[in-house]
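Here are my notes on the model, as numbered points. Please read them with the coordinates open.

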Amino acid sequence: MYRDLDSILALLPTQEDGLRLQKRYLELRENLFLFLDDPTIPPTNNSSEQSLRWSVIFRKVTNGFRSDWGRDLFAAVRSIVNTGRRQGFSAFESILIALNPVKSLFAIG
């Protein structure tokens with residue numbers, strides 16, 4: 001598997017997009033197939049895409065936001081709720097934690 005990757009990365013792209021991708025994959029080489037070695041790492045970013053789903057549905061149903069602050073507030077609340085959900089908190093608990101100046105949703109431990 002890594003031999004195949006090495007041979008692909010050794011190719012010399014001629015287009016700008018190819019050079020950009022090669023540079024990115026060379027920097028990420030050690031982590032490209034990490035999901036094969038560690039079963040706790042998902043092979044896709046589906047959880048991130050699913051987190052965005054509510055925002056997309058809301059935007060389509062309401063035909064967008066009427067103000068920039070409304071859009072920004074919705075994005076901030078969705079981000080807080082989604083992050084909290086991944087850490088086992090309810091939406092209400094996530095918002096309370098985010099508003100608490102002493103506690104942080106992103107604390108390690």
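This is a predicted model: local features need pLDDT of at least 70, side-chain atom pairs count only at pLDDT 80 or more; totals for chains, interfaces and linings use all residues.

1. Residues are numbered from 1 along each chain as its sequence is written, and side-chain values use heavy atoms, without hydrogens or water.

2. The chain holds 6 helices and 0 strands. Helices (H or I, at least four residues) and strands (E, at least two) are DSSP runs, numbered from the N terminus.

3. The radius of gyration is 20 Å, while a compact globule of 109 residues would have one near 13 Å. That radius is taken over C-alpha atoms, and the globule rule is 2.2 Å times the number of residues to the power 0.38. The C-alpha box is roughly 50 × 40 × 25 Å along the principal axes.

4. Of the 109 residues, 13% count as buried. Buried means under 20% relative accessible area, exposed over 50%, partly exposed in between (1.4 Å probe, protein chains only).

5. A search of the whole structure finds 3 aromatic pairs. Phe58 and Phe74 form a stacked pair, 4.5 Å centre to centre with 15° between the planes. The pair links helix H4 (residues 46–62) to helix H5 (residues 68–86), its members 16 residues apart. Rings of Phe, Tyr and Trp (its six-membered ring) pair if their centres lie within 6.5 Å; planes under 30 degrees apart count as stacked, over 60 as edge-to-face and the rest as tilted.

6. Phe58, Phe65 and Phe74 make up one aromatic cluster. Phe58 is partly exposed, at 33% relative accessible area.
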